[in-house]
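The following text goes through a predicted model. It begins at the ligand and then turns to one helix.

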Amino acid sequence: MCPSPAPPRLVVAGNGMAAHRLLERLAEDSPQRWSITVFGAEPRANYNRILLSTVLSGEKSAADVMDTDAAWFSRRGITFHAGVAITSIDRERRIVHDAAGGQAAYDHLVLATGSDAVQLPLPGKDLDGVRTFRDLDDVEHLIAATRTRRRAVVIGGGLLGLEAAWGLRQRGLDVTVVHLMGHLMERQLDRTAALYLQRDLERRGIRFALRADTAAIEGEGRVEAVRLRDGRRLATDLVVMAVGVRPNVALARAAGLAVRRGVLVDDALATSDTAISAIGECVEHAGQVYGLVAPAWAQADVLAARLAGNRKVAYRGSIVGTNLKVAGVAVYAAGDIAAADGAEEAVCADPDTGLYRKVVLRDGRLAGAVLVGDAADGGWLFDLMQRGEPVLHLREPLVLGRAFAEPARQAA
Ligand SMILES: Cc1cc2nc3c(=O)[nH]c(=O)nc-3n(C[C@H](O)[C@H](O)[C@H](O)COP(=O)(O)OP(=O)(O)OC[C@H]3O[C@@H](n4cnc5c(N)ncnc54)[C@H](O)[C@@H]3O)c2cc1C
């Protein structure tokens with residue numbers, strides 16, 4: 001009897017949310033097909049990064065958000081190197097080198113290196129008490145800081161900044177959000193929706209400084225204040241920088257792969273080297289770099305199917321929708337919310353109740369939606385958007401809500 005050939009070697013760089021989805025799919029659909037080795041720079045198994053906001057706010061513990069442990073990998077026959085980053089790729093010999101001095105050969109390599117939190121190059125950025133909000137180490141550090149510090153400034157009024165502000169507020173800190181733009185979450189919300197959200201958060205004790213550009217972080221060894229360019233000085237003993245993320249492309253760039261904002265991939269998730277694929281926040285597909293998990297998972301699903309031998313599946317891009325995870329504050333935004341280029345919008349706003357709904361239609365189809373105050377219809381609107389169903393006749397009922405639109409839709 002001839003011995004069966006050894007399975008080809010799959011190496012995965014990164015053990016975040018995209019990689020985990022890929023490994024789950026491979027384990028389910030083609031368990032014996034690849035001999036898999038995973039390198040994760042973080043010193044732990046995989047966790048649900050999205051839920052870090054709830055760990056910071058105290059709704060969940062760090063243990064609650066762990067998706068895997070070492071046993072998860074060994075049960076599936078996967079070799080897992082926790083806390084070991086891949087430092088370089090030798091594409092000619094198809095070998096990766098790691099930070100522990102080791103190496104691993106691959107037949108196929110997957111880059112799932114995610115993003116890095118942007119650190120503003122401000123004077124004082126390295127003072128004790130200045131932190132980003134990206135991983136479990138950040139969150140554990142912030143939670144420890146809340147035991148001794150009373151005031152926090154969060155730089156950045158986007159989704160992550162607001163979730164960080166809420167978490168710190170829940171832990172009893174006096175919190176001010178400093179935001180460069182004129183309204184919060186400007187990438188997802190229009191001015192009115194953002195104002196309703198701001199009022200709600202102010203009622204919950206969070207303060208805001210808008211159109212506020214940070215000039216410096218001040219302190220002797222430890223942070224004492226944030227200085228704004230307009231001269232204001234906000235006394236604080238903790239600073240969270242939540243000013244966005246940047247695709248982690250260092251490894252790919254050093255290996256000579258094609259990179260723009262992210263690692264360039266085609267519809268097959270292949271990089272400029274067909275022996276290397278990339279998925280998740282580190283990639284740029286059709287000009288888009290996504291900062292949310294749904295596209296990362298969609299890419300992981302496609303890549304898993306392709307690695308299982310199905311060459312017909314392709315990734316064609318994602319429509320994204322997102323919720324703000326602040327308990328009791330309902331905010332949902334999806335798709336394209338700026339009614340530009342011939343798109344039309346319908347809005348229903350009630351300043352007394354703080355309820356705001358907007359739908360954006362393009363070519364008779366739902367292109368975007370914003371809900372503040374009641375986000376229960378978010379999933380339903382998202383499905384309509386994804387199906388690309390003609391909804392021009394539902395323009396008015398859509399903005400009133402599913403209860404009005406669904407009967408009209410069924411009747412049509
Ligand atoms: C607090 C917070 C809340 C969020 N909330 C939401 C939300 O509500 N909805 C949503 O859709 N998205 C949310 N996101 C974004 C979401 O978490 C990301 O879109 C998702 O994690 C992307 O997955 P990824 O695998 O591409 O990157 P990551 O999950 O960041 O994983 C990348 C991993 O690769 C590791 N790595 C990097 N370089 C190397 C290397 N050379 N070798 C080995 N390992 C390496 C990194 O350490 C990291 O562990 C949130 C993010 C944060 C931080």
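Start with E42, where a polar side-chain atom sits 2.6 Å from an oxygen atom of the ligand. At V293 the backbone takes part: one of its N or O atoms is 2.8 Å from a ligand oxygen atom. On its own the ligand has 1,000 Å² of accessible area, and the protein covers 92% of this. Two or more residues of the shell around the ligand come from each of the elements α1 (17-29), β2 (35-40) and α2 (52-57).

The ligand is surrounded by 29 residues, and the closest are A18, E42, R134, E281 and K325. Sorted by class, the shell around the ligand holds 14 nonpolar, 10 polar and 5 charged residues. Domain 1 (9-116 + 246-307) and domain 2 (130-241) each give at least three residues to this shell.

Now turn to helix α4, which spans residues 136-146. At the start of α4, the backbone nitrogen of D137 has a side-chain oxygen of D135 within 3.2 Å. Within the helix, the buried residues are L136, D138, V139, L142, I143, A145 and T146. Among the elements that cover these buried residues of α4 are α2, β9 (130-132), α5 (159-170) and β16 (239-241).

Key. Residues are numbered from 1 along each chain as its sequence is written. This is a predicted model: local features need pLDDT of at least 70, side-chain atom pairs count only at pLDDT 80 or more; totals for chains, interfaces and linings use all residues. Side-chain values use heavy atoms; hydrogens and water are left out. A residue is near a molecule or strand if one of its heavy atoms lies within 4 Å of it. A polar contact is a pair of N or O atoms within 3.5 Å; within protein, one must be able to donate a hydrogen and the other to accept it, and residues adjacent in sequence count only if both atoms are side-chain atoms. Accessible areas come from the Shrake-Rupley method with a 1.4 Å probe; for residues, only the protein chains shown count as cover. Helices (H or I, at least four residues) and strands (E, at least two) are DSSP runs, numbered from the N terminus. Ala, Val, Leu, Ile, Met, Phe, Trp, Tyr, Cys and Pro count as nonpolar, Asp, Glu, Lys and Arg as charged, and the others, Gly among them, as polar. Domain bounds come from an automatic or database domain assignment. Buried means under 20% relative accessible area, exposed over 50%, partly exposed in between (1.4 Å probe, protein chains only). Contact means heavy atoms within 4.5 Å.
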